[in-house]
There are 4 protein chains.
Amino acid sequence: MNARELEVLKERTQAFVQEVVIPAEAHEPSAGVDEAMRRDLQSQARAAGVFAPHAPVSLGGGGLDLYEQSVIFEEAGYSLLGPVALNCAAPDEGNMHLLEIVGTPEQKDRYLRPLAAGDVRSCFAMTEPAPGAGSDPSMLLTTARPKAGGWVLNGRKWLITGAEGAAFAICMARTGKTDDAATMFLVDATNAGFTVTRHVPTPDKSMPGGHAEVVFDNCFVPDDAVLGAPHQGFRYAQVRLVPARLTHCMRWLGIARRSLDIALDQTAGRDAFGSPIQELGLAQALIADSVIDIESSRAVIREACRAIVAGDRGTGASSVAKVSVSEAVFRVIDRATQLCGGAGVTDELPLTRYLIEARAFRIYDGPSEVHRWAIARRAARTRERLRQPASGGAGE
Amino acid sequence: MNARELEVLKERTQAFVQEVVIPAEAHEPSAGVDEAMRRDLQSQARAAGVFAPHAPVSLGGGGLDLYEQSVIFEEAGYSLLGPVALNCAAPDEGNMHLLEIVGTPEQKDRYLRPLAAGDVRSCFAMTEPAPGAGSDPSMLLTTARPKAGGWVLNGRKWLITGAEGAAFAICMARTGKTDDAATMFLVDATNAGFTVTRHVPTPDKSMPGGHAEVVFDNCFVPDDAVLGAPHQGFRYAQVRLVPARLTHCMRWLGIARRSLDIALDQTAGRDAFGSPIQELGLAQALIADSVIDIESSRAVIREACRAIVAGDRGTGASSVAKVSVSEAVFRVIDRATQLCGGAGVTDELPLTRYLIEARAFRIYDGPSEVHRWAIARRAARTRERLRQPASGGAGE
Amino acid sequence: MNARELEVLKERTQAFVQEVVIPAEAHEPSAGVDEAMRRDLQSQARAAGVFAPHAPVSLGGGGLDLYEQSVIFEEAGYSLLGPVALNCAAPDEGNMHLLEIVGTPEQKDRYLRPLAAGDVRSCFAMTEPAPGAGSDPSMLLTTARPKAGGWVLNGRKWLITGAEGAAFAICMARTGKTDDAATMFLVDATNAGFTVTRHVPTPDKSMPGGHAEVVFDNCFVPDDAVLGAPHQGFRYAQVRLVPARLTHCMRWLGIARRSLDIALDQTAGRDAFGSPIQELGLAQALIADSVIDIESSRAVIREACRAIVAGDRGTGASSVAKVSVSEAVFRVIDRATQLCGGAGVTDELPLTRYLIEARAFRIYDGPSEVHRWAIARRAARTRERLRQPASGGAGE
Amino acid sequence: MNARELEVLKERTQAFVQEVVIPAEAHEPSAGVDEAMRRDLQSQARAAGVFAPHAPVSLGGGGLDLYEQSVIFEEAGYSLLGPVALNCAAPDEGNMHLLEIVGTPEQKDRYLRPLAAGDVRSCFAMTEPAPGAGSDPSMLLTTARPKAGGWVLNGRKWLITGAEGAAFAICMARTGKTDDAATMFLVDATNAGFTVTRHVPTPDKSMPGGHAEVVFDNCFVPDDAVLGAPHQGFRYAQVRLVPARLTHCMRWLGIARRSLDIALDQTAGRDAFGSPIQELGLAQALIADSVIDIESSRAVIREACRAIVAGDRGTGASSVAKVSVSEAVFRVIDRATQLCGGAGVTDELPLTRYLIEARAFRIYDGPSEVHRWAIARRAARTRERLRQPASGGAGE
């Protein structure tokens, strides 16, 4: 897609968000978007030509590369409902990406096709309650042991976004003793060994299906339920997570922009202490720091995307983006709240809701602290290699 | 009260919070504490000898000075229900202080006595929707005009905490043309000219009665409804606000401590990346910064209280405390959330709720930006005077 | 230049800095680089094929566009001497850019040619002592009044970097009454009306010639000394400053990287508290935050450069980059100091020097506060226009 | 000393600093205060009745407790020369405290008496170059082995402040195999086994004698050179460090105040962008944040002092103060620089010098990171005990 075409798609997406999605916000159920609303919004997105911009062209999507997604997803993210409407919300969007890269043709046909079409939802079942896999995926406790013609899965997962109502789960299970011997399985929600046992109450509401606890109890799946190849689970998790972190950043950047716009609209034309609020220096500091955060976030996302599109693995860049954008977005919403004064902490503005929704982003897909730890280790190793050019060490 | 007596009262309060108040949290209605719960908790506090520590001894209170309050209110604040239980929650606590200082004997008897006893609740009706008095109180639009034997009040207020269910309001109204000609009135909730017109939906729930819009519509009050003297409204607002900001700081400091304790309890005994979480340096940074914030906040509060008890007006010190403590408390809760990982952003821990409840504190009683502005101006003026010792300028 | 060619030039520049420039640091005079060292380094840069990468090809330079400069200048900036060696240091580099864009052919031949060749140095005489043009250029006091065949300049400037030893100055002078009526003049250092009156002692030492006070005292210049057109001074200042801010960012980013490398080298293989320092979480936090700052800074710079190369004016993006990069660079050096412990605050490591050198960058070319003010105003205006699509307002 | 007497001493100290010390700053040698200046200033301080406020009354000092010191040292610290003038500069002040607490009567007579009188200077020889005792004192490499009638010391120390010109050193040496078996020795500078081998060049200049490398080479000391009791070195280090950290905080707080005053003076009466600089909101933010930092620092220091005077060990509180005050002071100086614009980064104002001098404070006496680590561990342990009230665990 050339720059002009991308600009056109961006404008079309903006218009769709302004004209269709934002007006729909008033009708969002208090528990968050439901299936009826999801289908309605997606059908309008299809009609507007902005549906599934990231999905393969062969499956009716826009076929955008990661850089192009960064432009469009930011626009979709300007409303909490936008990503759902465009069918580019987590976890489905990341699951589509993973299925596209590592799925067999049969798996794509059976799972990716309806997912890309918005006919079904899915979930990604990796996180476990303590002492299982949380920030540290190597603590994975769920197991899959081979049995004639397939595998038997056992384990408990939680904070599984979208599990309620999902047609299938991608389940990560241990299939070996070493830290990295894990396998991903495609498990139909109709499988008798799979149960959504509990809705985990959370203050955020924007993800369809919320977050659930699910149990795999002697859950048998046939051999062709192995996603891609066995024992590649941790590697595939990176295949999924590196872009998934970036697409999260893109979408949340939209909410950051929205928050600043709300604050600018709310303060426009108002005075305090004898001056327009927007000309009070302490308000200007809040505005400027938010502009800086937004523009820096966009730059960090796009640089990472460009590098990945150009062939880089992007692990480091996506970690840097995850930490810096998730923290920047939270600060922007927080400053917008401050700019709006009393109204900012009522339900008359959506800012506290945005604050809550975005708060979780600093934790899922790796808390800031885990990324910082990984970034520091990577920096130390990289510098170590540069100091010892003759050591012949393999690249990372 | 000597140091030993204060220590005893502190321990008694701690025990009451641990044994009575925290267990009661499980029964808090989803819309926040109701009248039945308030009365029940207060009756238990009375029985435990920890009720109304700040109220005058003559009215059954503990008669603590501001420094002593700083020790006890922090303990009460360890639960969101604690201040209600001890009858030292906002806005009643501040109203008691104001009535005690400026009320006539009759006003004290009629309004302060039942308030101190927990028989009634009250509200403080100052804030108005834009373009009225918000961050800048001088923009006050509500008026009171003299009429035979009394005054007629007209105006609209919002974000009036506790108005629903209050027995009376202290209403701030303009009674002159200059910026500072305002008067405070005691208005019974039964007054036909006073109406609570709307519950303002807000994400915070911890203040009894929530936040409401109220209207004074040709509301007649007799001359003895003037609180203290006429035209002293802005001065009295300072009388109320200087300690009220500090008592807010004291109570919220309790929640900051609670948040850190929750995070320490939640991470205790858990491992990640091969080490106990509490020994991971990046977790230690979060813990240490929160300890620093908590201890600095306590020091700032207590220094301000000591100065005020010793006779200082405390305007500057209470501004400094308001900004620094409100921001520190928010950071502490935020870090606690981060330490708890996934669980931190579910309703299984109260951290997101605390984050929301404390968020508003950075705005009410003067947003951080307004206090910074005032602090900077004060600093510039103070330095100006020191540069010109011969100018004979009056003190501030 | 295609990506491969740019990569080759980058590596060549890196090698030159490692092999020639860094070894030369040990010989830097205590007052900073002198003329002999400058000429020597530049002659070696010419021999290495890395000289004047930004200068026009027709004048022997590399002809790089701003994006390409961002890659190369960062490498040059890895040593404080690198930009001098490549002849891409401030203020000469910005002056070359300005002369190239707005100079007449004769001016280019007379001033740009020797400057690009490294035969002479130059200075940019805009800043004035209070109450003249400092952060606020519109306070310009130096005047130029027309006189037969030319102009007479009068005024005092200070903090004029490189004035001592410069062959010519570009002088900004008021030529009208409105805020924006200023003109730029090319003034030879040999002009009798031009005097370098004082070396302003400063803690930074890395800019050849340091910072001086200069006086224009009835300084007559002929009409052809007007740079470009008369009365365009403020506009030309933007022409110069927008890229000049970015090239400053590029060069200082090199020092940030150098500082982190020093800290990683210094701590490598050392233990404390029973662990390698680089694996202590609190050290990892310092390292990770610096990686994030460095990568974010690079992303912000490159996004701005790409936009400018694509035709955008870049005023906003260069403001955002100036604030965020100057502050990030300072933080990175500061953290490196902290990582190095006691050694970090001795002269055995250059970190304190870097801290001092980079400190000034947060002030020159517009203090952070002035940029924040401009960024906030721009954001408010931009949003205002979007709210009123029918207002037909002209673009900015 | 009652509050009134303390106020009088404070005012006398202020007056001395304004009238004697600040005028002397213009005569400070470029390498820092020398012996002649030290003696001259101290003699004037003696005459003014402000000399050695912390030293025992029996030795001619003021006998102030730690809280009282917090009031006076802050005033002394308003000039970098103030603490030297009052003979309360590091390391002498800390050494006096240590000698007073743990010295034998003979040691006090021989070492403390002339030190308190300002007749001699001293040093504290603990820090060693890597891989010896730096941030982690348990890595101590210098040894003392018993020999008939005394001990033989061997080892190398560096960054020993004031060693050049000191009459004696307090040397920390290992006298056992366990981590905590260390002993302190009083070593005369005339001892043949003691040599100041090198002046370590550093950017800071305010401490008499600078920082040196010293060597103990088969340095024999008699048994009565053991300071206090043998094998108590690490415990004594805490005896010295807990108050020494606080007195550092007190003195640096003076420089923070000075920096803000310089910025207020420098900007007073100046305009930019059509307003007085001090009324520009972004300048006000810098001013207000510095006031908040200064007042919070003072509160943290004084709370810690009060607790220690009341009998608390103060280890935790002094760690918290060290981290928060050292970082706050640096920020205040940094903001003052920013407020002063161009002048702030010239030698015409002392701000860059203050920045450099204060930079080291974030490292010596324990880098911020080491204190944070200790604070976090202490918090985790304290909470652990509270969770297990029946465990009967020993106090810390």
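Author: A residue counts as buried when its relative accessible area is under 20%, and as exposed when that area is over 50%. Keep in mind that this is a predicted model.

Reader: Thanks! With that cut-off, is B:F194 buried or exposed?

Author: Let's compare its value with the cut-off. Buried means under 20% relative accessible area. B:F194 has 9% relative accessibility, so B:F194 counts as buried.

Reader: Which ring does B:F194 pair with, and is the pair stacked, tilted or edge-to-face?

Author: A pair of aromatic rings is described by the distance of the centres and the angle of the planes. Planes under 30 degrees apart count as stacked and over 60 as edge-to-face, with the rest tilted. For B:F194 the centres are 5.3 Å apart and the planes are at 55°, so the pair with B:F216 is tilted.

Reader: How many residues apart in sequence are the parts that this pair ties together?

Author: B:F194 belongs to strand 6 (residues 194-199) of chain B, while B:F216 belongs to strand 7 (residues 211-222) of chain B. B:F216 is buried too, at 1% relative accessibility.

Reader: Let's move to chain A. Which residues are linked with A:F361 into a cluster by ring pairs?

Author: One pair is A:F361 with A:Y364, whose ring centres are 5.6 Å apart with planes at 40°, so this pair is tilted. A:F361 is buried, at 0% relative accessibility. Ring pairs link A:F361 into a cluster with A:W252 and A:Y364.

Reader: How many aromatic pairs are there over all chains?

Author: The pair of A:F361 and A:Y364 is one example, and the pair of B:F194 and B:F216 is another. A search of the whole structure gives a total of 24 aromatic pairs.

Reader: Why is helix 10 of chain A described as largely enclosed by the rest of the structure?

Author: Helix 10 of chain A covers residues 351-359. Its buried residues include A:L351, A:Y354 and A:R359. Helix 10 is largely enclosed because the number of its 9 residues that are buried is 8.

Reader: Which elements do those buried residues pack against?

Author: Some of the partners are in chain A itself, namely helix 7 and helix 9. The others belong to chain B: helix 9 (315-340) and helix 10 (351-359).

Reader: What area do chain A and chain B bury between them?

Author: In this contact, 43 residues of chain A meet 43 residues of chain B. Carbon and sulfur atoms hold 67% of the buried area. The area itself is about 3,700 Å².

Reader: How many salt bridges are found across the interface of chain A and chain B?

Author: One salt bridge joins the side chains of A:R362 and B:D334, at 2.6 Å from N to O. The number of salt bridges is 6.

Reader: Which element of chain A gives the most residues to the side that touches chain B?

Author: Several elements of chain A give two or more residues to this side, including strand 3 (150-161), helix 8 and helix 10. The one that gives the most supplies 5 residues, and that is helix 11.

Reader: Now for chain C. Which three residues of chain A supply 18% of the area that chain A buries against chain C?

Author: Chain A and chain C bury about 2,800 Å² between them, 64% of it on carbon and sulfur atoms. Three residues supply 18% of chain A's buried area here, more than any other three: A:I292, A:E303 and A:R383.

Reader: How many salt bridges are there between chain A and chain C?

Author: A:R387 makes a salt bridge with C:D265, where the closest N and O atoms are 2.3 Å apart. The contact as a whole takes 33 residues from each of chain A and chain C. The count of salt bridges is 10.

Reader: One last stop: is D:D40 buried, partly exposed or exposed?

Author: D:D40 lies in helix 2 (residues 35-48) of chain D. Buried means under 20% and exposed means over 50%. With 42% relative accessibility, D:D40 falls in between, so D:D40 counts as partly exposed.

How values were computed:
Residues numbered from 1 in each chain as written. Chains lettered and ligands numbered in written order. Predicted model: local features only at pLDDT ≥ 70, side-chain atom pairs only at ≥ 80, totals over all residues. Heavy atoms only, no water. Contact = heavy atoms within 4.5 Å. Buried area = accessible area lost by both parts, 1.4 Å probe. Salt bridge = Lys/Arg side-chain N within 4 Å of Asp/Glu carboxyl O. Buried < 20%, exposed > 50% of the residue type's maximum accessible area, 1.4 Å probe, protein only. Helix = DSSP H or I, 4+ residues; strand = E, 2+ residues; numbered from the N terminus. Phe/Tyr/Trp six-rings, centres within 6.5 Å; stacked < 30°, edge-to-face > 60°.
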